[in-house]
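Here is a set of questions and answers about the terms used for a protein model. Each answer sets a value against a cut-off.

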Amino acid sequence: MIAAAWAWFRRPRVALALILLLIPGAGIGTLVPQVGRAPPSELEAWGRAHEGAAPFVTALGLHEVYSSPLFLALLGGLILSTASCTAHHVGRELAAGRPGGLVPLETLEPVDPAGGAPLDLPEAAALAPVLARAGYRTSSWPTADGWVLSGRKGSLGGWGSVVFHASLGVALAAGLFSAATRRAAYTEVVVGQAFVDRPADYLQVAPGPLSWWRDHTGTEITLERLGRGEGSLHLRSAAGERSAELAVNAPIEEGPLTIYLGDFNGPAVLLARCRGAERDEGYVHLARPVAGGGDVPSPAFGLPGTPFGVACRLLPERSLKVEVRERARGVVAAATLRRGEVMALPDGSTLAYVDLSAWTTLEVLQDDVAPLYAALAGCLVGLVVMLFSERWQVWVVATGSTRGLLLGGQARKAPAFLREELDALRIALLAASRPAAPCGGAP
Amino acid sequence: MISQAITGWTAIALYAVASAALIVGLIFARDGAVRWATGAAWTGLAAHTAFLALRWNEVGHGPYLNLYEVGSANSWVAVALLLGGAARQPRLLPAGAAVLPASFLLFGVAMLSSSRPLPLLPILDSAWLVLHACFAKLTYGAYLVATAVAALYLIKDGRPGVLERAPALPILEDLLHRFVLLGFVMHSLMIATGAVWSQRAFGHHWAWDPIETWAFISWICYGVFLHARALHGWRGRRLALLACACFAAIVCAFFGVPYLYTTSHNLFLR
């Protein structure tokens, strides 16, 4: 049963079916915003924009398609398929190393070195030095028909394929393992705590505690300073205390943890909605990266407790163009506000532009990627060996039976070269097996 | 800026001339037209190189930050691969009948997009990004040439009287396989270097970003191509059609996804 299932996974059609099923799964993940990849505000906006489909999408778990059991099962099936094919290839390669293993005698090309007469054993044995001089690896073994001499030259590069497919399987497995076991803490540091706004868009958080993750790992992380693309941390754990400099593209290693500073930061505005004595405040991120400064519109941001969404555009002089939208009616209110100004909403409440801030991201990660990197390196090595090594092999088999000498070979490319090799070998073997001239020789 | 526009549009015009001359030369079997096409393509490549050098000098970093830079650099790689390959193997030149038009169209689209220089953010200023971008350009270039060869194969196979100057079908098939091989290795390196860069910069090696996902899908498609040829004996017309279908996944990843969805690659591809 297990053997049958193992063999079933080796079938190319099964692999193809798994791939074809994976593609629509990945396509859904492209179409529907995914938890963890898209910010919550984008998920909310998508839900509002697709009110009809949203309940089904949520019920079917399509917001988390990449971690859904079905998608993981497909990836697992691909890993099994790759492993099964690799094991099969390994078996073939090992068999090819054994005498007589993969030489398809029935397909070899017969050569009649002695006018159709079968070789006798001494004649066949005399061919071994000829083969060795031509660079062939020789071996001999007995068969039911008698004694056999075999020569083999060249390589089919099959081990490259084995290394590639095995590494690919390991890479997929390592990726899945990493996704299942990684623990990450992610924070958007809204630089609203006493920051200094400097000319070159440089924002600095006032020193102070910003601690998290302590409950999970025992490491306390305190953000001491944060500027654009740089900063410093204070780390305290059982191993001791130290300060570390933060920089983009230079993660900090602390035991099993890795701490990253993001650089896709940008401006955020603090808005306040007031209705009577009620006051709700919330940040709206204006732009993810920076292309073009602040004139990239934000995604629609829902106002809690109202049917409205708000989209903001930061104008060059740091005033804010605010559009309030309602799904059924489109834009229901719009205004250009300066800091501290207020606009009225259709339901009688007001919206105030309180402050302009900035945000960046800090991520703390516990994820060992060494196996994945090793597997990726293995994939590349195997790929290069598999695709670019010379892959041809010539066999010659001399038997004591009536079959005489047999020549055969195969090549992945340059078949003309293979033909030349076979012709040269045929001439050498015929010359070596030609009967010696009688004493006295020809006149 | 003006010199960039002059060199860029000069290159596009020369590529257009080369395309027309090459197609005429191939269809009407005129050696003179093919020679003119080769000369125009090389001159266009020189102007294109000058354009990229001027751009690099202006912005202070390589051509990988927006469509203006990415599109022009990708088309440069495709033309350079074609002409460099044809210099060694003249039988490759007829593939230019598809590569040159595709390149001048891509370059034209790039030239019409925003040329506003973008700052090189610290998070992008990494050797891994440079490697990732270089392998991406080689990937697209190799696959474009492979698809052009596949198109030539299909035309020549369907209407034997046309394109008599094009190489014989077995040679076209061999070229198709070689360029897919090159593209596949570059594609693998692009994904691997992107994963390492992403891990160092963002803390995750794979995020199922739409572009990542479609790069993976197209990688699988070309893997299927190689398996179909190596293990299942696919040859000829069927293999050429498969190569064209695989390229559709690449086009989708490069042109479709960035315009339809928000991805972390939007900054570079639109």
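Buried means under 20% relative accessible area, exposed means over 50%, and partly exposed is in between, with a 1.4 Å probe and protein chains only. This is a predicted model, in which local features need pLDDT of at least 70, side-chain atom pairs count only at pLDDT 80 or more, and totals for chains, interfaces and linings use all residues. Residues are numbered from 1 along each chain as its sequence is written, chains are lettered from A and ligands numbered from 1 in the order in which they are written, and side-chain values use heavy atoms, without hydrogens and water.

Q: Why is B:C244 called partly exposed?
A: The relative accessible area of B:C244 is 26%, so the residue is partly exposed.

Q: Why is the pair of B:F51 and B:Y68 called edge-to-face?
A: Rings of Phe, Tyr and Trp (its six-membered ring) pair if their centres lie within 6.5 Å; planes under 30 degrees apart count as stacked, over 60 as edge-to-face and the rest as tilted. The centres of B:F51 and B:Y68 are 5.7 Å apart and the planes are at 70 degrees, so the pair is edge-to-face. Both residues, B:F51 and B:Y68, are buried.

Q: What does the pair of B:F51 and B:Y68 tie together?
A: Helices here are DSSP runs (H or I, at least four residues), numbered from the N terminus. B:F51 lies in helix α2 of chain B and B:Y68 in helix α3 (residues 67-88) of chain B, so the pair ties together parts that are 17 residues apart in sequence.

Q: How many aromatic pairs does the structure hold, over all chains?
A: There are 8 aromatic pairs over all chains. In one of them, A:F164 and B:W219 lie 6.4 Å centre to centre with 50 degrees between the planes, and the pair is tilted. This pair crosses between chains, from helix α7 (residues 158-181) of chain A to helix α7 (residues 210-232) of chain B. Both A:F164 and B:W219 are buried.

Q: How do you know that the span of helix α2 (residues 31-59) of chain B agrees with what it should be?
A: The expected span is 1.5 Å times one less than the number of residues. The 29 residues of helix α2 of chain B should span 42 Å, and the end C-alpha atoms are 42 Å apart, which agrees.

Note on methods. Helix = DSSP H or I, 4+ residues; strand = E, 2+ residues; numbered from the N terminus.
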